[in-house]
Amino acid sequence: MNITVIGAGTMGNGIAHTFAQAGFPVNLADVSQDALDRGLKTITTNLDRIIAKGNLTEEQKAETLGKITTFTDTAEAVKNADLVVEAATENLDLKLKIFSQIDENTPENCILATNTSSISITQIAAATKRPEKVIGMHFMNPVPIMKLVEIIKGYSTSQETFDAVFEISQKLGKTPVEVNDYPGFVANRILMPMINEAIETLYNGVAGVEEIDTVMKLGMAHPMGPLQLADFIGLDVCLAILNVMYDGFKNPKYAPNPLLVNMVRAGKLGVKSGEGFYDYAESKKAEKVSAMFRK
């Protein structure tokens, strides 16, 4: 089975890594060669971390990297695909444009999946002529480590498509869970209000950043506090997801806190920008990411 991943960012390179390590040939596409080079560098670094743990050999690393081919031409990258996984920015207009393009350039039987964490699968499918073959395949970050994949059926997604993607997810060593098409699905419908409430707690001066995270880690057995997790996800991504849910449900409980909005406007996006609720100098950033792969 030939896999194409659209987007070489955090999620895209993680998805490409996971498929390639499982033995699938992967075409990794992005608009710029620089983005592709950064994606491959991240994959290489993460493979080295797995080797350091004794769970991979140098030969297996070479085999994994050898499975990945990069493209800046999306049409070329998808022309022989059996499954395309889109992992671009959480922006509806961009996703609709990508799905329209890949629908025109992929074989008739190709399944088109999106890694969206909140946007309607039904709405994305409407940009194609094959809505029965469009499905959500929401991986968790970091993709090579996290076991969960939310499999989201749109209104027209066929059972055949669902079964195929469910089986592929199992072949990746993941645990797929069937979810219906509502804003935020399950993971983010529950997670994002919690993160938003943690930001509200900080905004109201109830406690500081580390204190809030410590309460949730030690009191609720969360492996990472909600504010640190928000930094790891990306505050811009958190904001985008909350906006999708607020627009979808028209419920004020999903309205993003003003502090989150202002931090995104100021460019304080978390780990990716070097500063969010915590400070991420390069050394600290490397240490935190490395810690995720040691678990």
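**Close-up views of a predicted model**

View 1. Not counting residues up to four places away in sequence, Ala 22 touches Lys 171 and Leu 172; contact here means heavy atoms within 4.5 Å. This is a predicted model, in which local features need pLDDT of at least 70 and side-chain atom pairs count only at pLDDT 80 or more, while totals for chains, interfaces and linings use all residues. Residues are numbered from 1 along each chain as its sequence is written, and side-chain values use heavy atoms, with hydrogens and water left out. You will find Ala 22 in the loop between helix H1 (10-21) and strand E2 (26-29); helices (H or I, at least four residues) and strands (E, at least two) are DSSP runs, numbered from the N terminus. Ala 22 is partly exposed, at 34% relative accessible area (buried is under 20%, exposed over 50%, partly exposed in between, with a 1.4 Å probe and protein chains only). Gly 173 is 151 residues from Ala 22 in sequence, yet their C-alpha atoms are 8.2 Å apart.

**View 2. Phe 19 in the largest nonpolar core.** A nonpolar core is a set of buried Ala, Val, Leu, Ile, Met, Phe, Trp, Tyr and Cys residues joined through side-chain atoms within 4.5 Å. The largest one has 33 residues, and those touching the most other members are Ile 15, Phe 19, Val 26, Leu 83, Val 85, Met 137 and Phe 139. Leaving aside neighbours within four places in sequence, the contacts of Phe 19 include Ile 3, Phe 24, Ile 168 and Leu 172. Apart from this core lies another, of 26 residues, including Ile 199, Phe 232, Leu 260 and Val 264.

**View 3. Asp 30, one of the annotated binding-site residues.** The unreviewed UniProt entry gives a "binding site" annotation that covers, among others, Gly 7, Ala 8, Gly 9, Asp 30 and Asn 141; UniProt positions follow the numbering used here, feature names are shortened, and annotations may be inferred rather than shown by experiment. Asp 30 sits in the loop between E2 and helix H2 (33-52) and is buried, with a relative accessible area of 16%. Beyond neighbours within four places in sequence, Asp 30 is in contact with Gly 7, Ala 8, Gly 9, Ala 35, Leu 36, Phe 71 and Thr 72.

View 4. The peptide bond from Asn 141 to Pro 142 is cis, with omega near 0°. Pro 142 belongs to the loop between strand E6 (134-139) and strand E7 (148-153).

View 5. Met 194, Ala 198, Thr 201 and Leu 202 of H8 meet Val 209, Ile 212 and Met 216 of H9.

**View 6. Helix H10, with its surroundings.** In helix H10 (residues 226-233), 6 of the 8 residues are buried, so the helix is largely enclosed by the rest of the structure. Those buried residues are Pro 226, Leu 227, Gln 228, Ala 230, Asp 231 and Phe 232. Gly 234 follows H10 and has a positive phi, near 110°.
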